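The sequence and the model are shown first.

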Amino acid sequence: MYYSGREIGYKLTEQFEDISGTILISAALFSLLYYFSCKFLTINDLWVLIIQFIGGLILFLIIALTLKLRVVDDLKEILFALKNKGVNTSNESI
């Protein structure tokens, strides 16, 4: 992290500030989902994993949208880029 700060002017404190919200939300959701799955889910481990993944993703997106975190905008950009990756927008003929 020191190297990136020196090379591109992105200080270590700025890096921690950028990821701190995401880490805190993820840690809280992990604790909540782990407690829930240990107490109430007595099914196959694969189904527990699927439920935890889907539940965690939905809760994370709800919290991130509510708090207007930058991660939502980044996710939209990535999904938009992946969606348009295979589309050729040039007018050149092959």
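Phe60, Leu61, Ala64 and Leu65 of helix H3 are in contact with Val71, Val72 and Leu75 of helix H4 in this predicted model. By class, this contact of H3 with H4 consists of seven nonpolar residues, with no polar and no charged ones. The axes of H3 (residues 45-67) and H4 (residues 70-83) come within 8 Å of each other and cross at roughly 115°.

**Overall arrangement**

The protein chain contains four helices and zero strands. Read from the N terminus, its elements follow the order α-α-α-α. The chain has 94 residues, of which 12% count as buried. Among contacts in the chain with a separation of 6 or more, 37% join residues 24 or more positions apart.

**Packing of H2 against H3**

Helices H2 and H3 pack at an angle of about 145°, and their axes are 10 Å apart. On the side of H2, the contact is made by Thr22, Ile25, Ser26, Leu29, Leu32, Leu33, Tyr34 and Ser37; on the side of H3, by Val48, Gln52, Gly55, Gly56, Leu59, Phe60, Ile63 and Leu67. These residues divide into 10 nonpolar, six polar and no charged. The crossing of H2 past H3 is right-handed.

Ser26 is found in H2 and, at 36% relative accessibility, counts as partly exposed. Ser26 and Phe60 are 34 residues apart in sequence, while their C-alpha atoms are 7.3 Å apart in space.

Leu33 also lies in H2. With a relative accessibility of 15%, Leu33 counts as buried, because this value is under 20%. Leaving aside residues up to four places away in sequence, Leu33 touches Gln52, Gly55 and Gly56. For Gly56, which is 23 residues from Leu33 along the chain, the separation of the C-alpha atoms is 7.2 Å.

Ser37 is likewise a residue of H2, and its relative accessible area of 8% makes it buried. When residues up to four places away in sequence are not counted, Ser37 touches Val48 and Gln52.

**The nonpolar core and Val72**

Which residues form the largest nonpolar core? This core has five residues, namely Ile25, Leu29, Phe60, Ala64 and Val72. H2 and H3 are the elements that give two or more residues to this core. In soluble globular proteins, nonpolar side chains tend to be buried together.

Val72 lies in H4 and is buried, with a relative accessible area of 9%. Not counting residues up to four places away in sequence, Val72 touches Ala64 and Leu65. Ala64 is itself a member of the core, and both Ala64 and Leu65 belong to the H3 side of the contact with H4. The C-alpha atoms of Val72 and Ile62 are separated by 10.0 Å, the two residues being 10 residues apart along the chain.

**Accessibility of selected residues**

The table gathers the relative accessible areas of residues discussed in this report.

| Residue | Relative accessible area | Class |
|---|---|---|
| Ser37 | 8% | buried |
| Val72 | 9% | buried |
| Leu33 | 15% | buried |
| Ser26 | 36% | partly exposed |
| Tyr34 | 48% | partly exposed |
| Phe30 | 55% | exposed |

**The aromatic pair**

A pair of aromatic rings is described by the distance of the centres and the angle of the planes. The structure holds one such pair. The ring centres of Phe30 and Tyr34 are 5.8 Å apart and the planes lie at 20°, so the pair is stacked. The assignment follows because planes under 30 degrees apart count as stacked.

Phe30 and Tyr34 are four residues apart in H2 (residues 12-40), which means that about one helical turn separates them. Phe30 is exposed, with a relative accessible area of 55%, whereas Tyr34, at 48%, counts as partly exposed. Tyr34 is also one of the H2 residues that make the contact with H3.

Definitions and conventions. Residues are numbered from 1 along each chain as its sequence is written. This is a predicted model: local features need pLDDT of at least 70, side-chain atom pairs count only at pLDDT 80 or more; totals for chains, interfaces and linings use all residues. Side-chain values use heavy atoms; hydrogens and water are left out. Rings of Phe, Tyr and Trp (its six-membered ring) pair if their centres lie within 6.5 Å; planes under 30 degrees apart count as stacked, over 60 as edge-to-face and the rest as tilted. Buried means under 20% relative accessible area, exposed over 50%, partly exposed in between (1.4 Å probe, protein chains only). Axes are lines fitted to C-alpha atoms, for helices over the stretch in contact, and angles run from 0 to 180 degrees between N-to-C directions. Contact means heavy atoms within 4.5 Å. Ala, Val, Leu, Ile, Met, Phe, Trp, Tyr, Cys and Pro count as nonpolar, Asp, Glu, Lys and Arg as charged, and the others, Gly among them, as polar. A nonpolar core is a set of buried Ala, Val, Leu, Ile, Met, Phe, Trp, Tyr and Cys residues joined through side-chain atoms within 4.5 Å. A crossing is left-handed if the near helix is turned anticlockwise from the far one by less than a right angle, and right-handed if clockwise.
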